[in-house]
Amino acid sequence: MTTAPAPASAPARLELVWEEPRGALGWLTTVDHKRIGLLFFFTSLAFFAAGGVEALLVRTQLAGPNAHVLGPERFDQLMTMHGTTMIFLFVVPMGLGAFGNYLVPLMVGARDLAFPRLNALSYWIYLASGLFVYMGLFIGQAPDQGWFSYVPLAQREFSPTYGVDFYALGLIFAGMSTTATAINLVTTIFKLRAPGMSLNRMPLFCYAQLAGAGSALILLPPLTLDLVLLELQRKAGFHFFDVAGGGSPLLWQHLFWLFGHPEVYLIVLPAFGITTSIIPTFARRKMIAAPLVALSELLVAFIGFGVWAHHMFTVGIPNSALAFFAAATLMVVIPSTIQIYAWLFTVNLGRPQFKVPLLFVGAFIVFFVIGGLSGIMFAAVPFDQAVTDTYFVVAHFHFVIFGAAVFPILGGIFYWFPKVTGRMYHEGWAQAAFWLTFVGTALTFFPMHIVGLLGMPRRVYTYSGGLGWDAYNLAETIGAFVLTAGLVLMAANLWWSRRHGPLAGPNPFGAPSLEWATSSPPPPYNFAVIPRVASEYPLWEPAEGGVLPEGHETLESTVRDAYLSEVVELPHESGWPPVVAALLAVMFGLALTSHFVAAGVFAGLAGLAALAWLWKEPELE
Amino acid sequence: MLHPASPQQHDIATLFWVMTGVAGFGIALIVFLLWLGWARRKREGMPGGERAGIGLLLLLGVVAPIVSLSALFVWSDVFVLRATSAPKPSSASLTVEVIGHQWWWEVRYPGTRAVTANEIHIPAGERVNVVGRSADVIHSFWVPALNRKIDLIPGRTNRILLDAARPGRYRGQCYEFCGLQHAHMGLWLVADPPARFRAWLADQERDATASGEGRDAFLAEACSSCHQIRGTPAQADVGPDLTHVASRRTIAGALLPNTPSELAAWITDPQHFKPGNRMPTLGLPGSEIRSIVAYLEKLR
């Protein structure tokens with residue numbers, strides 16, 4: 001692409017201004033969105049592996065009837081940790097914290113996110129909160145009440161160990177990270193776009209991130225409130241949830257699902273964004289009906305706030321309420337089907353290359369449709385009231401979470417691997433890994449529909465023989481190991497390609513969006529000249545001109561039309577974010593063990609550390 | 001669930017099969033479009049071009065869903081919902097109370113003295129109003145062959161209609177995670193011909209009159225501190241009522257067949273079969289257990 005001629009010395013000067021310390025100290029104090037994105041990536045991968053091991057243990061116990069691999073205590077802890085880990089510690093941090101963090105600034109033509117030190121804090125809080133939750137597992141008091149922690153079971157009378165407290169306090173803690181990341185993404189998307197990238201020229205990936213991050217800000221408070229009420233009940237004798245004290249168990253459920261349903265759209269939205277990046281590149285044409293697709297991404301998030309009680313169809317709410325929530329649930333289908341057909345017809349209209357990222361997207365579409373169809377079936381209330389809490393619903397949500405959220409993540413990892421590492425992955429082995437993963441996923445989760453219809457409840461640590469469930473369970477367990485093999489093969493391919501893959505260059509796939517305009521991997525300052533944008537596919541329809549901010553700066557522009565408004569100073573690396581996160585971790589630990597005064601002291605210290613960080617102005621070079 | 005034994009479950013099963021058929025068609029269409037994209041990958045464009053693409057998108061992605069989902073909504077969420085909803089008590093010939101405990105089902109017949117556990121009898125061919133409550137945490141009551149499930153929530157009452165078309169035995173279980181032995185909280189629902197049901201109910205109302213050294217052992221040991229046997233001093237209601245335990249086909253929440261050897265094994269070491277359940281392993285001598293079992297076998 002053409003830009004205003006940049007002085008030859010500009011990259012070297014920018015390098016001096018933007019470089020961060022090498023080694024461990026550099027990573028500890030980094031505020032670079034790319035490094036933080038990689039920290040999120042590897043940490044969420046580690047939690048994915050942990051959640052996967054938990055799943056494999058669960059599936060091993062369930063491979064046959066009356067097995068004795070795990071007793072009920074261990075099983076209940078592992079299944080709770082599996083759900084909690086995958087949802088809170090893997091898929092959302094991966095979608096927003098890894099993909100969002102790394103790619104959004106590059107895609108909008110900025111040099112970093114709007115609040116780099118807040119970004120760092122978000123990561124260190126995420127790491128600390130994840131370790132906090134796992135501390136319970138390490139001391140043998142892991143949460144064991146199921147990932148949605150219904151009361152009264154989660155109350156102290158029925159769950160006397162620290163398990164529920166690790167869960168509740170850990171998730172309040174983790175919510176701070178997601179909130180910080182969401183604020184950062186929304187602000188960056190609205191305010192830091194390159195001149196000329198008006199809202200209608202912003203990549204669909206960013207619309208998906210905007211919808212997800214915006215939802216996160218609204219869906220987290222109900223969860224945080226619910227968890228605070230639970231801890232007040234457990235630790236300070238309040239009566240929010242028990243009938244004898246004037247409370248109600250349904251209060252927990254309403255608040256939880258008010259969070260929980262939008263959460264699952266938060267989970268899947270980054271995947272929609274990855275898909276809408278991969279398809280134009282590999283179909284080698286623009287996405288059709290792009291404004292409809294953007295609107296659909298926002299609508300899915302919005303409508304998702306109105307359907308929560310479809311998780312509560314059997315609690316005894318009146319028929320009129322049941323019908324309302326069923327109708328709202330059915331409405332969400334429309335923006336989803338709009339996107340599906342946009343994707344499919346874009347592929348058909350183009351000349352698609354079925355490289356591995358597009359294969360993962362194809363599988364995603366199949367799994368998303370299957371999961372979506374079973375979801376539609378759940379909107380038929382009497383059917384839901386029959387099969388809810390059976391393996392039929394376990395099948396449904398794994399198709400939409402694993403099939404529809406994880407497959408695009410896997411495709412996205414291959415797609416942006418050359419950009420992040422500078423090297424190309426091995427296509428042949430990647431395709432083998434894809435097929436293994438695809439077959440394994442189908443084999444693991446499809447039989448669950450059947451065994452659920454045959455009456456197998458969810459969250460059971462074992463089952464009796466003679467009920468007709470045995471063969472399906474065995475197939476699912478085999479599938480889980482096949483799926484694992486596929487993922488291991490993927491990881492091996494990427495590990496090997498990192499060192500030995502051919503050099504990739506800036507744009508090996510001929511993609512249209514701005515992250516492909518800079519080198520692979522990008523320099524710390526992303527772009528020397530921030531390009532002027534005149535199209536939603538800037539590299540396919542480049543424009544003349546650009547701006548070269550010389551310092552530790554990026555460009556701020558107006559919200560709708562992206563007229564350049566000012567040059568923004570960005571902060572340098574800082575050690576305060578990990579310090580604040582560590583102080584908060586100690587605070588939560590003290591609250592867990594009911595040392596409330598000491599916890600208050602550490603809250604104060606964390607506040608002081610945050611003030612110290614704000615006090616230090618960003619250095620001007 | 002797929003072998004309906006009641007008109008309500010028949011409606012639900014029909015709904016399921018129709019939805020599955022349409023869903024099958026839907027996924028086939030999507031797979032076809034994906035395959036088509038692959039098969040035509042060397043050719044740019046499609047017949048009708050981008051306009052056709054957008055037109056089909058609106059037809060298949062907006063119009064078709066609106067039409068089909070509206071139809072689904074009316075059928076399932078107006079008609080079938082009404083048919084499977086909680087009955088007006090006056091429309092039922094019998095009310096049965098089911099109270100969920102960790103990890104067993106207390107069964108009562110209001111208006112009678114009958115109390116049993118884990119095995120519910122109803123008259124076939126009559127509308128039965130089941131009223132569900134919980135004594136501790138949230139449970140969920142479901143007999144898949146007969147109707148949908150209801151949650152048993154402390155402080156609330158939920159009701160479900162059971163209307164077995166023919167006599168038969170139908171399995172049920174708890175469907176809301178309720179702790180360590182959620183997996184083993186099963187039940188049997190027995191639909192008897194009405195006359196046999198009335199006889200059964202009358203039997204269940206009677207006190208236990210059997211005697212023997214097992215009865216003395218039962219009363220002397222910890223058994224009576226949890227279990228009631230009407231007609232004896234054992235009146236505790238922590239665990240299942242055992243007044244007519246020998247009339248039941250299974251024990252331990254439908255986990256074990258109710259035979260003398262299984263009953264003896266259960267009493268000897270309940271923690272072996274349901275680790276974490278509330279019945280402790282007492283370490284009673286084998287001879288004492290045998291005499292208790294002999295006594296319990298008389299409680300029909």
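How many aromatic pairs does a search of the whole structure find over all chains? The search finds 70 of them. The legends below describe close-up views of a predicted model.

**View 1. Confidence of the predicted complex.** The predictor assigns the complex an ipTM of 0.96 and a pTM of 0.96. For chain B, the mean pLDDT is 96, and 100% of the residues of this chain reach 70 or more.

View 2. A pair of aromatic rings is described by the distance of the centres and the angle of the planes. A:Phe360 and A:Phe407 form a tilted pair, with 5.6 Å from centre to centre and 55° between the planes. A:Phe360 belongs to helix H12 (residues 356–378) of chain A, and A:Phe407 to helix H14 (residues 391–421) of chain A. The pair thus links distant parts of the chain, 47 residues apart. Both A:Phe360 and A:Phe407 are buried.

**View 3. A stacked aromatic pair, A:Tyr415 and A:Phe509.** The ring centres of A:Tyr415 and A:Phe509 are 5.6 Å apart and the planes stand at 25°, so the pair counts as stacked. Because A:Tyr415 lies in helix H14 of chain A and A:Phe509 in the loop between helix H16 (470–500) and strand S1 (530–531) of chain A, the pair ties together parts 94 residues apart in sequence. A:Tyr415 is buried, with a relative accessible area of 1%. A:Phe509 is also buried, with a relative accessible area of 11%.

**View 4. An aromatic cluster in chain A.** Ring pairs link a set of aromatic residues into a cluster. Among them are A:Phe360 and A:Phe407, together with A:Phe367, A:Phe399, A:Tyr425, A:Trp435 and A:Phe446.

**View 5. Surroundings of A:Pro578.** A:Pro578 is part of helix H17 (residues 576–592) of chain A. This proline is buried, with a relative accessible area of 15%. Leaving aside residues up to four places away in sequence, A:Pro578 touches A:Leu28 and A:Trp124. Between A:Pro578 and A:Phe166 there are 412 residues in sequence and 21 Å in space, C-alpha to C-alpha.

**View 6. The hairpin of strands S3 and S4 in chain A.** Strand S3 (residues 553–557) and strand S4 (residues 564–569) of chain A run antiparallel and are joined by five bridges. A:Leu555 stands opposite A:Val567 of S4(A). The hairpin has six residues between the strands, and A:Ala562 takes a positive phi near 55° there.

**View 7. The open sheet of chain B.** Five strands of chain B form an open sheet with mixed pairing, in the order S4-S10-S9-S6-S7. Strand S4 (119–123) and strand S7 (150–152) of chain B each have a single partner strand, so one side of each is left without a neighbour in the sheet. On average, neighbouring strands are turned by 25° against each other, direction ignored. Helix H3 (residues 194–205) of chain B packs on this sheet, where the helix touches S4 and strand S10 (186–192) of chain B. The direction of H3 makes about 135° with that of S4(B).

**View 8. Strands S6 and S9 of chain B.** Strand S6 (residues 139–142) and strand S9 (residues 168–174) of chain B run antiparallel, joined by two bridges. B:Trp142 stands opposite B:Gln173 in S9(B).

**View 9. Charged side chains over aromatic rings in chain B.** B:Arg169 lies over the face of B:Trp188, at 4.4 Å from the ring centre. The charged end of B:Lys149 sits over the ring of B:Tyr175, 4.9 Å from the centre of that ring.

Notes
Residues numbered from 1 in each chain as written. Chains lettered and ligands numbered in written order. Predicted model: local features only at pLDDT ≥ 70, side-chain atom pairs only at ≥ 80, totals over all residues. Heavy atoms only, no water. Pairing = 2+ DSSP bridges. Helix = DSSP H or I, 4+ residues; strand = E, 2+ residues; numbered from the N terminus. Axes fitted to C-alpha atoms, helices over the stretch in contact; angles between N-to-C directions. Contact = heavy atoms within 4.5 Å. pLDDT = per-residue confidence, 0-100. Phe/Tyr/Trp six-rings, centres within 6.5 Å; stacked < 30°, edge-to-face > 60°. Buried < 20%, exposed > 50% of the residue type's maximum accessible area, 1.4 Å probe, protein only. Lys NZ or Arg CZ within 6 Å of the ring centre and 35° of its normal.
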